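Here are my notes for you, as numbered points. Keep the model open while you read.

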Amino acid sequence: MYILIKIFFIQLLISHFVIGGPEEDQGVKYANKCEVCKVVATELEARLDETGKTHDILEIGYSLDDVLPKKKKEYKKSELRLVESIENLCERILEYNIHKERTDSTRFAKGMSQTFKALHDLVDKGVKVELGIPYELWDKPSVEISTLKSQCEDLIENHEADIEDWYHNHQGKIPLIRYLCSEKALKGEDDSCLKEKGETMSSDMKEKKIKKKENTKIQNKNKDIKEEL
């Protein structure tokens with residue numbers, strides 16, 4: 001049984017870790033431009049959702065005395081929120097794993113892949129599984145994920161102005177994944193991966209959610225006007 005397990009998972013070893021030779025021949029498939037943007041936009045929106053729940057008020061500016069009060073601004077509309085949301089964003093990419101049992105963009109996702117879960121289950125049952133590397137390195141980021149982190153950093157650096165424009169002028173109106181990816185980073189290029197549904201909410205569902213929220217605001221506003229009349 002040990003020999004069969006070793007033979008069955010030898011391809012996993014080759015495809016998950018680079019062991020010399022051309023990387024493509026070793027089963028390595030890096031994220032394409034669409035996949036990179038999808039992951040970055042998804043992570044940034046998730047981070048903004050986390051930081052946008054507070055109702056804190058910031059005091060902005062300097063005052064030499066108490067005569068002139070400092071300006072106040074909601075944290076969720078501030079530049080500080082955006083900066084803190086982007087900070088260490090690409091580090092979060094290291095929480096992803098490569099799911100080689102999938103063939104579309106959802107191969108980049110959080111959580112343990114089915115293959116490695118099966119391996120861990122075997123080890124937990126006392127089966128000796130030899131992959132040629134120490135057990136403690138099994139869950140280290142693969143070469144695809146480490147590269148995805150670098151691709152994330154490049155995307156944010158190259159489209160910093162676009163992200164700021166969306167944050168200040170289009171947030172709540174257009175999903176970030178559509179604005180940053182379809183309209184900016186991938187303009188005129190293949191963006192088909194954005195329509196692939198994974199564990200995260202699809203861009204279509206996010207857009208429907210935004211429209212529903214906007215309609216609710218309009219309905220509440222009309223209700224207030226009627227009550228005033």
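1. In what order do the elements of the protein chain run from the N terminus on? They go α-α-α-β-β-α-β-β-α-α-α-α-α. Helices (H or I, at least four residues) and strands (E, at least two) are DSSP runs, numbered from the N terminus.

2. A quick word on the ground rules: residues are numbered from 1 along each chain as its sequence is written. This is a predicted model, where local features need pLDDT of at least 70, side-chain atom pairs count only at pLDDT 80 or more, and totals for chains, interfaces and linings use all residues, while side-chain values use heavy atoms, with hydrogens and water left out.

3. Now look inside. Of the 229 residues in the protein chain, 34% are buried; that means under 20% relative accessible area, with exposed over 50% and partly exposed in between (1.4 Å probe, protein chains only).

4. Next, the charges. The whole structure has 11 salt bridges, each a side-chain nitrogen of Lys or Arg within 4 Å of a carboxyl oxygen of Asp or Glu. In one of them, Arg 107 pairs with Glu 35, their closest N and O atoms 3.1 Å apart. Arg 107 sits in the loop between strand 3 and strand 4 (108-110) and Glu 35 in helix 3, so the pair ties together parts 72 residues apart in sequence. Arg 107 counts as buried because its relative accessibility is 6%.
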